[in-house]
Amino acid sequence: MGSGQVTDWQGKHVTVAGLGVSGVPAAKALHGLGAKVTVVNDGDDARAREQAAELEALGVTVRLGDGDTLPDSTELIVTAPGWKPDKPLFAAADAAGVPVWGDVELAWRLRKPGAADWLAVTGTNGKTTTVQMLASILEAAGLRTAAVGNIGVSLLDAVLGDEEYDVLAVELSSYQLHWAPSLRAHSAAVLNLAPDHLDWHGSMEAYAKDKGRIYEGNRVACVYNTADKATEDLVREADVEEGCRAIGFTLGTPGPSQLGVVEGLLVDRAFVENRQKNAQELAEVADVKPAAPHNIANALAAAALARAYGVPAGAVREGLRNFRPDAHRIAHVADVDGVAYVDDSKATNTHATQASLAAYDSVVWIAGGLAKGATFDELVAGAAKRLRGAVLIGRDRALIREALARHAPEVPVVDLERTDTGAMLQAVQEARRLARPGDTVLLAPACASMDMFANYNKRGDAFAQAVRELGA
């Protein structure tokens, strides 16, 4: 199947796997290009039937309740990123020699001639923030851009819509990269690698390999984290275009071909004349909001990609100053009686929580929820000296309680059994009791939220509401 011009799609039999947020736009786009589209979906609930009705009205065939059987005469499968590689549908496709693309691969193939370059970002944590920072910097440079991929505008809408872009800031998950074999970014960054989604990928090695696909065929820069050797290893293994450079970012003083921090300044020793001797000031640490260590790392990665694209230093500063982080990402809610209350409900795994805890000296930690197979010993051992106390909530809180008993036995722990809507208010009240002036009460659960809340946003909202009630 060729570059994706309309003539290539006329009458092609394409199966779209999964309705969801990527499946519906993919089915519509392919149908609009003249393909004969069949959508298969495991579920057959009210939401699926509603989406099916919308697609069937356009002339798309939808098969609910059977996502495993390969429809006859399928020439291509376009899958939702979350569908596991070991599904019977993909085994059948493999046996029949039918290629499988994800929505990102489809978007890549459907780009128009002379389309926008892609600056791509992946990593276990920090992707969304980094991509939003990057888009803010690109905008400050006067470029037509959007934050797309896992966030913001759908990639398919970005490549097929009427809006013309110069360059796109693209967030990519390991799932999306797994199904995007021909993607070739202008430049790309892997922010960090920690165990996550291992149930999907099967092993840490397979997870890292999928993350590393983001570097394949890069033209200008492969950006890696000097503090995370695994990201540098992925750059070494990547097959890139002649002249593409490895660019490191560090929270310390940068060497040549790196961006880093010197005396409160973000500096560039990669995209400057005579990088052996020279460094270019890009911004002040104070321009990064919030200036927590992991967020400064995000800013350096965004700056590296922008500089790889030729953006001037002044636009990096302006873009970082203009950027406002999303809700529930180390968001300061209020100060009550000399104690700061911070909502990092987005910290749904141990790696994100580790970064969050490292930003504060003395913490009363509110944690717990669905562990998703995680273990907490390393996290607790690393943070033990910062903990004033801990308040545990949610289904898998015992795992954290046991890690605290092993590695921080002197830290007072409150274990809350209740899971009703009032549980968060009680957690905040208990945290207030443990806190002293100058402390931070930090909601950084290290767990998913769905045992007690619809999502991490609702969990963060409940925390903020409880803090406001304290203040009142």
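Predicted model: local features only at pLDDT ≥ 70, side-chain atom pairs only at ≥ 80, totals over all residues.
Helices here (H or I, at least four residues) and strands (E, at least two) are DSSP runs, numbered from the N terminus. By that definition, R321 sits in helix α13, residues 313-322. R321 is partly exposed, with a relative accessible area of 40%; the scale is buried under 20%, exposed over 50%, and partly exposed in between, with a 1.4 Å probe and protein chains only. R321 and V60 are 261 residues apart along the chain, and their C-alpha atoms are separated by 46 Å.

Residues are numbered from 1 along each chain as its sequence is written, and side-chain values use heavy atoms, with hydrogens and water left out.

I will start with the five-strand sheet. It is open, its order is β3-β2-β1-β4-β5, and the pairing is parallel. Two strands count as paired if DSSP finds at least two bridges between them. The edges are β3 and β5 (100-102), each with a single partner strand, so one side of each has no neighbour in the sheet. From one strand to the next the twist averages 25°. For angles, axes are lines fitted to C-alpha atoms, for helices over the stretch in contact, and the values run from 0 to 180 degrees between N-to-C directions.

Now strand by strand. Strand β1 (residues 13-17) pairs with β2 in the parallel sense over five bridges, and A17 has V40 in β2 as its bridge partner. Between β1 and β2 the chain passes through helix α2 (residues 20-32), a right-handed β-α-β crossover. Right-handed means that, with the strands pointing away from the viewer, the path from the first strand over the helix to the second runs clockwise. On to β4 (residues 76-79): four bridges join it to β1, and the two run parallel. There, V14 is partnered by L76 of β4.

Why is β2 described as largely enclosed by the rest of the structure? Because five of the six residues in this strand, residues 36-41, are buried. β2 also pairs with β3 (residues 61-64), in the parallel sense and over four bridges, with N41 opposite L64 in β3. Another right-handed β-α-β unit is made by β2, helix α3 (residues 46-58) and β3.

Helix α3 lies across β2 and β3, at about 165° to β3. Helix α4 (residues 88-96) lies across β1, β2, β4 and β5, at about 155° to β4. Contact here means heavy atoms within 4.5 Å.

The other sheet has nine strands. It is open, in the order β7-β8-β6-β9-β10-β11-β12-β13-β14, with mixed pairing. Its edge strands, β7 (147-149) and β14 (280-284), each pair on one side only. Neighbouring strands are turned by 25° against each other on average, direction ignored.

In this sheet, strand β10 (residues 221-225) runs parallel to β11 (residues 245-249), joined by five bridges. Y224 stands opposite G248 in β11. Strand β13 (residues 265-268) pairs with β14 in the antiparallel sense over four bridges, and D268 faces Q280 in β14. Helix α6 (residues 127-140) lies across β6 (117-122), β7 and β8 (167-171), at about 170° to β8.

One more helix: α14, residues 350-357. Which of its residues are buried? They are A352, T353, S356 and L357. Seen down the helix axis, the buried residues of α14 fall within an arc of 130°, so they line one face; the arc is that of the directions from the axis to the C-beta atoms. Their cover includes α12 (293-308), β17 (363-367), α15 (377-383), β18 (387-392) and β20 (440-443).

Last, the cysteines. A disulfide is taken as a pair of cysteine sulfur atoms within 2.5 Å, and the count is zero. C244 is in no disulfide, and the nearest cysteine sulfur, that of C222, is 3.8 Å away. C244 is buried, with a relative accessible area of 15%. C447 is buried too, at 0%.
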